[in-house]
Amino acid sequence: MMKHRYLPMTEQDQNEMLQTIGADSIGQLFADIPESVRYTGKLPMSEALDEDALLRHMSSLSNQNADFDRYTCFLGAGIYDHHIPVVINHIISRSEFYTAYTPYQPEISQGELQAIFEFQSYICELTGMAVANASMYDGATALAEAAALAGGATKRRQIIISRTVHPEAREIVKTSAHGLNMKIIEIGHSNGVTDLSELEAAMSEDTAAVLIQSPNFLGCIEDVRSIEPVVHAKGGLLVMSVNPLSLGLLESPGQLGADVAVGDAQPLGIPAALGGPTCGFFAVSEPLMRRMPGRIVGQTVDRDGKRGFVLTLQTREQHIRREKATSNICSNQALLALCASVYMSVMGKTGIQEAALLNLRKAHYAADSIRASTGGAMTLPFFSSFYNEFAVKLSDGTDVKALNARLLQAGFLGGYDLGDAYPELKGHILIAVTERRTKDEIDRFVLELEACLS
Amino acid sequence: MKPEKALIFELSKPGRIAYSLPECDVPDVEPSELIPSHLLRSKTAEFPEVYEVDVIRHYTELSRRNFGIDNGFYPLGSCTMKYNPKINEDVARFSGFAKIHPYQPEESIQGALELLYTLQNDLAALTGMDQVTLQPAAGAHGEWTGLMLIRAYHESRGEQRTKVIVPDSSHGTNPASATTAGFATITIPSNERGMVDLDALRAAVGADTAALMLTNPSTLGLFEEQIVEIAEIIHEAGGLLYYDGANSNAIMGIARPGDMGFDVVHLNLHKTMSTPHGGGGPGAGPVGVKNKLIPFLPRPVVCKQADGTFAWDFDRPQSIGRVKAFYGNFGILVRAYAYIRTYGPEGLRRVSECAVLNANYMMNRLAPYYEVAYPGVCKHEFVLSGKKLKAFGLRTLDVAKRLLDFGYHPPTIYFPLNVEECIMIEPTETESKETLDAFIDAMIQIIEEAEHDPDLVRNAPYTTVVKRLDEATAARKPVLNCNCG
């Protein structure tokens, strides 16, 4: 009989248990599976490895990847190389957290429930919104859920989305809108931000929501104060996707009049990990509370009057409402929400501002260095203000893929090729500079760019 | 009485910090010189000011008020709470997996791409499907993705099929996913044996049937013995068969959805493939399809090129588009791959055999004390009814709460909806006979307590950090954040 370190079943156990059941063999327990659909061979899949061999195999796969420890990262475009405080991994490695299921039994899940309640509190405080949920899969799917919420709340069918929103998020919103039979209109950009006159022209009585991102995908900060009245004048909802760390510095969506604020919490202490798992957050103004997707934790008291926390407003959710639920989401990204919470606890009131400020200053130093670089091969195409990311126009005919291959040789993960998602920005790259980049790294990167382009 | 636990916000003392940021080595430009003042933050986010020891003690204390698989037996039905191997946690944290960017050049992430490619093929082999996408982030996300694929398939054939059929024992996510994919749901009753009622199914199918969503084994822990007939009925009507993989732990290497006639399958890697639930997520919900649906899979798909290198394939004109940013929950996929390699195909088959033996053993030992909803053999889980508790003025909920005092996580209760006072138990394969026996003894003791001292059960739990909580007030007067700022 097969022995395995995760399987306690001994031959004696098996015999005793079969005897209790009154079966002769394990095979008898599968007698209900029709003969014609039973699988009798050996599955053609990867073979088992012992523990040491598995560690070696995984190391070998891991070592084939150019990671941030060995390469200096100037890639952003939604995933950033921020410092992750060391305490975070210690806390999320406590197996009371990571081996627990959704907190369905509140008496033995107060730790998780309180952690989520604190996460909701942090997100409300950061975004300036009234209510936040327990998390979504990522920022992009959170945006798609916001569009769905807007359709339900306004009974309108049209979603306007700025082309300065992350291209992958726009793709997901489109996929999702097709499912919900909603119509998507895209609005162009001008000087790196949403074209306001195009937006005004596109607004109609059927506009459920306008979806914008700030800082947007091109790095620029949207002038939300001009956009907000245009959206609300037609009775649409304003949905803002935001970088949470930038809110240490930038005005909150709540103060800017957003009805829904979403985003990805990856900058808040979550590893890049090829883009996932991260954690979407979702916050709304008070009137939209009962339309929120996903889990929500509320404060209450126990029989002795002691404070406690429970999953609440569950009549919105799929396990109660089934086809009438506000969303189909069930599992979310709770452990990453915990990462983000611990990050915000570590940074505290002053750290979140200082971190955002460092990002701002380093990125502007890099942009200034590129602007001042010799040879004229690089220019900054937009003059809108930006946070920690900006676009660079390369000299005509530059092959961005070849440039990034050369930068990789020199130890850099170079910029995002904007031509991939924006045909009109062919030959432009997007460069992100976080607080982890030193002046020396930035100087060397700019010199390398110059050398590659000369 | 144990004291209340403070919120992190309540520990704040101005002047304390828990962070360490680099000195600014570039010019100290003021934000107001770079950004218009009306776009700068006007009101500071009132985060707590604590130091590192506060942070560690706070979250350590919270963890002590939580219960995971490592704390004890967790027989939560339909959730497959098996042991979460530690090696999976270690390897997922390797720099080459945790510190890589989704937009790096393909040549700089060949190890990651090889892992994804191999996992795709392994999952296809396990389910008997032709191709797999790893993008969906969770089971419900996989369901929605699968239904969007089905919709695209029908649309490509010029057919408008608007209805999705689900049995009454299905997960709530099934009808919810159908709605978000733009379908109307038809719910059909189960027959007296807990199986799909074929007459009801025949009456429900028609030219508007897009798909039947089926969990097999079902949420009642029963294998649909008429699966071949079910597949014929759906396929003859021009519909497709969708497999909800929440319960795959019963059939690995024993029966494959692809061989049963299913056209689309999702798996919950956070169930069958042992990746941790994380207190509610993250999961991963890969979707496998038969050949005819491959053109519609989400972009991109990992492919192996003629020269043996791996690449993203974006050139898929009929794709439904993206369903998730980047490439899915990669860190979870790494863990699932490591899990597959700790067992291999024969090991996975043994996993399912042990899971099913454990469930049948528990069901048989508990049968004299609690009514078994559908007698016979079960698969990885089984369903009891607690309706005889009513005679003592008690409910299933009371048994669940009393189990907390014995140090167990209770089973799933009140689901599936078609069994009165439902108790759904899934032991998994990683629990020993001694653990199962001790739990069974506790269940027997509780039914005896219910008979002789119902108040003891009614007022449970006694040993937890809080007693039963007022959920009605929480929903009626929601307090959803601490407004500490």
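The bounds of a domain, as the word is used here, come from an automatic or database domain assignment. In this predicted model, that assignment divides chain B into domain 1 (8–71), domain 2 (87–342) and domain 3 (354–471), and the centres of domain 2 of chain B and domain 3 of chain B, taken over C-alpha atoms, are separated by 31 Å. Where these two domains of chain B touch, domain 2 contributes 20 residues to the contact and domain 3 contributes 16 residues.

The area buried between domain 2 of chain B and domain 3 of chain B is about 1,300 Å², with carbon and sulfur atoms giving 59% of it. On the side of domain 2 of chain B that touches domain 3 of chain B, there are six nonpolar, eleven polar and three charged residues. Across this interface between the two domains of chain B, the rule finds zero salt bridges, although four residue pairs, both at pLDDT 80 or more, are in polar contact.

From the inside of chain B we can turn to chain A. The secondary structure of chain A comes to 14 helices and 17 strands, and its C-alpha trace spans about 85 × 50 × 50 Å along the principal axes. Of the 454 residues in chain A, 68% are buried. If we take the contacts in chain A with a separation of 6 or more, 70% of them are accounted for by residues 24 or more positions apart.

Within the area that chain B buries against chain A, B:Arg41, B:Phe47 and B:Leu480 supply 5%, which is more than any other three residues. Counted by residues, 215 of chain B are in contact with 190 of chain A.

In one salt bridge the side chains of A:Asp138 and B:Lys324 come together, at 2.7 Å from N to O.

Note on methods. Residues are numbered from 1 along each chain as its sequence is written. Chains are lettered from A and ligands numbered from 1 in the order in which they are written. Side-chain values use heavy atoms; hydrogens and water are left out. Contact means heavy atoms within 4.5 Å. Buried area is the accessible area (1.4 Å probe) that two parts lose on being put together, summed over both. A salt bridge is a side-chain nitrogen of Lys or Arg within 4 Å of a carboxyl oxygen of Asp or Glu. A polar contact is a pair of N or O atoms within 3.5 Å; within protein, one must be able to donate a hydrogen and the other to accept it, and residues adjacent in sequence count only if both atoms are side-chain atoms. Ala, Val, Leu, Ile, Met, Phe, Trp, Tyr, Cys and Pro count as nonpolar, Asp, Glu, Lys and Arg as charged, and the others, Gly among them, as polar. Helices (H or I, at least four residues) and strands (E, at least two) are DSSP runs, numbered from the N terminus. Buried means under 20% relative accessible area, exposed over 50%, partly exposed in between (1.4 Å probe, protein chains only).
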